[in-house]
Amino acid sequence: MSTAHYDPVEILGQRFRAAIAAAFPEAADADPLITATKNTALGDFQSNAAMPLAKRVGKPPRDIAAAIVAKADIGDIAEPLTPASIAGPGFINIRLRPDTLASYLAHIDSPTLGVPPPHPRETIVVDLCGVNLAKEMHVGHLRATIIGDALARTFERLGHEVKRQNHLGDWGLPIAMVTGKIKDLAEAGQLNLDTLKIDDLDRYYKAAQRDCAADEAGLRAVHRFGLGPKALAELEEQVNGAREATTRAKSTLLKLQAHDPTTYSIWKRIADLTVEACVTTCARLHANVRPEHTAGESSYSEELGPVVEDLVKRGIAEESEGALVIRVEGIEEPCIIRKSDGGFLYATTDLAAIRRRVGKLGGDRLIYCVDARQSLHFKQVFAAADKAGYTLKKDGGRARLQHAAFGMVLGDDGRPFKTRSGENIRLMALIDEARDRALAAVTQRSPDMPENDRATIAEAVGVAAIKYADLSNDRVKDYIFNFDRMLAFEGNTGPYLLYALVRVRSIFRKAAERGLDAGAAWKSAPLVLGATQEKLLALTLLRYAGTLDSVAESLEPHRLCQYLYDLAGAFSSFFDACPVLQAPDEATRNSRLRLCDLTARVLADGLTVLGIPPLDRM
RNA sequence: GCGACCGUAGCUCAGCUGGAUAGAGCAGCGGUUUCCUAAACCGCAGGUCGGCAGUUCGAAUCUGCCCGGUCGCGCCA
């Protein structure tokens, strides 16, 4: 797979593969199963290949291990294997030679940090953010934005072509409701379109929803229990009003679809305002979502008819109870693509989107960073798209469609995270609070720092805390949002990682102050990895490229978080045990400066991949 | 009713796709600073990995059945 010539897991894998092939030609394809050893007292790496081979070869696993050891040619990179290298049921323990470790480390001490070019380079379409028209971004959009952006950045870092798609919910009846509402108010002179703000839109959206929400259940109850003429009259009036509003919304929708100039221009104004607010919030979150990434549902509206027509013509879709559906194997519920009244649904839009993303955007892989509750929907749509041939690429292969599902953000009470009054929490307000709390912490710890600097740091720390707390949890699980925990400077948090980076960088400031890095001779100094902390730090640094691969494959950014936390921990232990500027001799000092520099670069690179801007001081 | 996901220390979470004695942080107890940011580091204590069976050299991880929780399930998005 990779062409990494410094990744011990890969190199040992090749060597052990050869050893297995030499010892057991009949099992030459066996996986060498190289992994880092948990207990460093036993070794650096281990091969677990002997055990699974036992049945296949018909010999005791320890004998197999002995045979592999006899054939393994690793003397140039590791300490010699002996019978004592075989432990337990047949583990083979391997310890790298110090000079080998240093040489691998020197290899990744390059601008790439050991990340090889992609193989092959793919076009990856990432669906992220997914805000709705006339709504300000709130907690419900947090994960789709943060995780989607982190995944997109991961692919970009690995050298792939990434196309972000903000699938804006800007079409359909709810949108027609608010558009109609704003049109009415504007025409009645009760609002000014030019000074409209996003929170106004949010309010009108809710009002329009209320206008159209008929209390049909209440009306039925009144009829059923005979609750009197007054209650009946009130409810009938409410329901009739709501029905009328809904009818008007439906007619607005038709006008919108027909691009009626007045209706359309108001809708466009709302859409522009929404995107503008969304992009502003994303910029504050350091999520790379810009206007050109917008690909709203409306952009597919002209394609829905042709798509459905195509599906009918080719017999992919069939009629069922007046609606048009696609049935796919293994899923009971059919995928409905046209309602009995002729209207299209979000499955229709998603099919059109897949067609465009594969056909027009050239996607080899489509990632959907969307709420886990939509699992069934995506299973259906993906299968339907496959059946329709919309996933067929130009090269004849099929695009990989993946739903990167995520769990909910919960409050301390384990319920969905809301304000006390039950409202969605706006992301801007969320960031404000994180920033304020971070500012208090920074001020307490660094009272002498200029106010401007403290404010800048507080903003960065607050955003880092929110994003890291989200990214560091297993994507598919719900997580509990807690300011105190995410802003803590100890443990697996954003602030802790930023602090680790700040401490490394501060060494170089001190070195410059003391005139110790003159000529930066350390940049090419030989790496000496004598202390156990230095060795552990080196081994951790070598895992970076492999970690990015695993994030890209699993779509799990928390693996990168865990890695960076390991790295920060390894550095902190090193930092504590190994003086850098006060090192016993110049060779050690230069080696340690180089180690620090590499650590800083990997930490900063990893944070950047997560979408967290690094800091110099805090 | 059917389906998906989840259940790991008092709390919040990892556990690298089946490996050795299940790991962190917080909370609790104890240590380390004339020295590069102590916002740190080192240690102690804390577990029937929801339960039972199965698969095999080996299971927190895979399979089945239960228990508990969350979320979905034909014309909303």
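Predicted model: local features only at pLDDT ≥ 70, side-chain atom pairs only at ≥ 80, totals over all residues.
Student: What describes two packed helices?

Tutor: Two packed helices are described by the angle between their axes and by the distance between those axes.

Student: At roughly what angle do the axes of helix 19 and helix 20 cross?

Tutor: Helix 19 spans residues 544–554 and helix 20 spans residues 558–577; their axes cross at roughly 160° and come within 8 Å. Angles over 145 degrees count as roughly antiparallel, so helix 19 is roughly antiparallel to helix 20. The crossing of these two helices is right-handed.

Student: Which residues of helix 19 and helix 20 make the contact?

Tutor: Helix 19 contributes Tyr-544, Thr-547, Leu-548, Ser-550, Val-551 and Ser-554, while helix 20 contributes Arg-559, Leu-560 and Tyr-563. Sorted by class, this contact has five nonpolar, three polar and one charged residues.

Student: At about what angle do helix 4 and helix 18 pack, and how far apart are their axes?

Tutor: Helix 4, residues 98–108, packs against helix 18, residues 532–541, at an angle of about 45°, and the axes are 10 Å apart. The two helices are therefore oblique to each other.

Student: Is the crossing of helix 4 and helix 18 left-handed or right-handed?

Tutor: Helix 4 passes helix 18 in a left-handed crossing.

Student: Which residues of helix 4 and helix 18 meet?

Tutor: From helix 4, Leu-101, Leu-105 and Ile-108 meet Lys-535, Ala-538, Leu-539 and Leu-541 of helix 18. By class, the contact of helix 4 with helix 18 has six nonpolar residues, no polar residues and one charged residue.

Note on methods: Residues numbered from 1 in each chain as written. Chains lettered and ligands numbered in written order. Heavy atoms only, no water. Axes fitted to C-alpha atoms, helices over the stretch in contact; angles between N-to-C directions. Helix = DSSP H or I, 4+ residues; strand = E, 2+ residues; numbered from the N terminus. Parallel < 35°, antiparallel > 145°, perpendicular 65-115°, else oblique. Left-handed = near helix turned anticlockwise from the far one by under 90°. Contact = heavy atoms within 4.5 Å. Nonpolar A, V, L, I, M, F, W, Y, C, P; charged D, E, K, R; others polar.
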